[in-house]
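My notes on what I looked up follow.

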Amino acid sequence: MSNLLFTLNAILPILIPILLGYFLRKINFLSDEFLAKANKVVFTVFIPILLFKSLYLKDLSNLDMKFIGFVAIAILILFGIGVVVALFFPDKKQKGVIVQASFRSNYAIIGIPLATMLGGSEAEAQAAIVAAVSVPLFNILAVIALTMYDHEDGQKINIKNTLYKIVTNPLIIGVFLGLIFCGINSLIGIEAVNNFFHGKNASTQGMKFVYSTIESLGNVATPLALVILGGRFKFTAVKKLWKQLTVSVVLRLVITPLIFLVIAYFIGFKSPTEFAILIALFGTPIAVSSAPMAAQMNQDEELAGQIVVWTSAFSAISLFIIILICAAIGIF
């Protein structure tokens, strides 16, 4: 019962803002023009700040390279699986969205709190370090996925254009700036950086505004993105997209955790801390930011938004089953 309550507590804060946005659009409180503009602001301003916030105070000095290597390779393999699955769908604007659903989890928003609940403070610290590797990889691969089909049949992929989109993507810029601060943390010490941003002593008291501003702006990203997603959500789209949605939900919530949690267990990553992080990476729904990114890159925004909603909804069931099985075999 406690596991069910936990998963509901993790998922409902995502679903309720979506329902709120849907309701506000149905009563015409939100217009299509407002939702389109707000979606662009979320993508170009608030989510990049959120990504920067998730990285800039991380200490990378305690990286477990074997574990990080497994995570990185698993994400790349998932990207490859997504590319293969996308071959079965002819619409080019849907292909990249489906590829994105194969590997990009909601690690920053749901995953890290989930890992903390399952593995305690040690898992929280390690999960934050893993974010410094997984979050940049998620976003770089997402840009590649959403641009690799953006060409006419018979044309070669424009590598220069793809690289330009990666470099200029607001989410990538937020991640890159966060990683620069991670490097500074390693050079001068995380405690010194914390003092600067948190103002823990009299000499740095005046710099608290930096930390407070980053925190408050970053906190805007997720709830606003979810309300916008709900405002642009259409139940009528489910009928025409049921094949794409079924494949994406099963791939994200069933196949991905089944393959990589089993592999991780048998190659030795079976401690509560490691497994908590792996569940957070491979068992959570697709990232909320995947929908506004698809919209701003002229891909199938409707499908991307539907995948966010339905993977978030069904993950309450899939996460409960995963946690229950792990508890039964003695991991937790």
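Where is the place of Leu-5? I found Leu-5 in helix α1, residues 2-26. Helices here are DSSP runs of H or I with at least four residues, strands are E runs of at least two, and both are numbered from the N terminus.

I noted the ground rules next. This is a predicted model, where local features need pLDDT of at least 70, side-chain atom pairs count only at pLDDT 80 or more, and totals for chains, interfaces and linings use all residues. Residues are numbered from 1 along each chain as its sequence is written, and side-chain values use heavy atoms, with hydrogens and water left out.

Is Leu-5 buried, partly exposed or exposed? Leu-5 counts as partly exposed because its relative accessibility is 43%. Buried means under 20% relative accessible area, exposed over 50%, and partly exposed in between (1.4 Å probe, protein chains only). I also checked Leu-5 against Ala-316: their C-alpha atoms are separated by 9.4 Å, at 311 residues apart along the chain.

I then looked at the whole chain. It has 14 helices and 0 strands. Of its 332 residues, 52% count as buried.

Last, I looked up the cores. A nonpolar core is a set of buried Ala, Val, Leu, Ile, Met, Phe, Trp, Tyr and Cys residues joined through side-chain atoms within 4.5 Å. The largest has 95 residues, and Leu-278 is among those with the most contacts inside it. Helix α5, residues 107-147, gives the most to this core, with 19 residues. Apart from it lies another core of 5 residues, including Phe-52 and Ile-214.
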